[in-house]
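Reader: Please present the structure, and then discuss its charged side-chain pairs and its strand pairing.

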Amino acid sequence: MRIGGGIDVHRLVRGRRLVLGGVEIPFELGLEGHSDADVLTHALMDALLSAARLPDIGELFPDTDPAFEGADSLALLAEVARRVAEAGLSIVDCDLTLCADRPKIAPHKLAMRENLARALSVPVEAIGLKATTTEGLGFTGEGSGMAAFALCLLEER
């Protein structure tokens, strides 16, 4: 068994879509980034790559490469899953936490879990997702950004 952790942070800005777990959420701000800036999916990718002892997403999908401009993070996640499988590992379980005071994601959580599970070719039950606020503290509480944390468990085949 192998465990990995991932963290990602993106700034909230005007004029961008807010995409979390592959779901576009109606909100007046979106996450800034080279790709679709899906902070939740990016944390998950880094957790998987960490557990597999593979290069992180900054090395695999650099923001200096025009090929990844506006990239769909779910497609990148599917590529990460392919590399994890190629390394002889199976995805057992993933757990994600989104830190943001707004917007509320409860109505979108199942769709996010389904998107992530589909990209990884795992059952939706293998994807845990929760959100927490920071009670108005720090950059997430002030609404200037979002953070996501992920843990995953892989098993050698």
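**Salt bridges and strand pairing**

Author: At 24% relative accessibility, Arg 2 counts as partly exposed, since that class lies between buried (under 20% relative accessible area) and exposed (over 50%), with a 1.4 Å probe and protein chains only. The model is predicted, so local features need pLDDT of at least 70 and side-chain atom pairs count only at pLDDT 80 or more, while totals for chains, interfaces and linings use all residues. Residues are numbered from 1 along each chain as its sequence is written, and side-chain values use heavy atoms, with hydrogens and water left out.

Reader: How many salt bridges does the structure hold?

Author: Side chains of opposite charge can pair when their charged atoms come close. The criterion is a side-chain nitrogen of Lys or Arg within 4 Å of a carboxyl oxygen of Asp or Glu. The number of salt bridges in the structure is eight.

Reader: At what N to O distance do the side chains of Glu 156 and Arg 2 meet?

Author: The pair links distant parts of the chain, with Glu 156 in strand β7 (residues 145-156) and Arg 2 in strand β1 (residues 2-13), 154 residues apart. Strands (E, at least two residues) and helices (H or I, at least four) are DSSP runs numbered from the N terminus. The salt bridge between Glu 156 and Arg 2 has an N to O distance of 3.5 Å.

Reader: How many bridges join β1 to β7?

Author: Two strands pair if DSSP finds at least two bridges between them. Gly 4 stands opposite Cys 152 in β7. β1 and β7 run antiparallel, and the number of bridges joining them is 10.

Reader: In which sense do β5 and β7 pair?

Author: Cys 99 stands opposite Ala 147 in β7. Over 10 bridges, the sense in which β5 and β7 pair is antiparallel.

Reader: How many residues apart in sequence are the parts that Glu 28 and Arg 102 tie together?

Author: The side chains of Glu 28 and Arg 102 form a salt bridge at 2.6 Å, N to O. Glu 28 lies in the loop between β3 (23-24) and β4 (30-31) and Arg 102 in the loop between β5 (89-99) and α4 (109-120), so the parts they tie together are apart in sequence by 74 residues.

Reader: Which residues are linked with Arg 82 in a network of salt bridges?

Author: Arg 82 and Glu 79 meet in a salt bridge of 2.7 Å, N to O. They are three residues apart in helix α3 (residues 73-86), and therefore separated by about one helical turn. The residues linked with Arg 82 in the network are Glu 79, Arg 83 and Glu 86.
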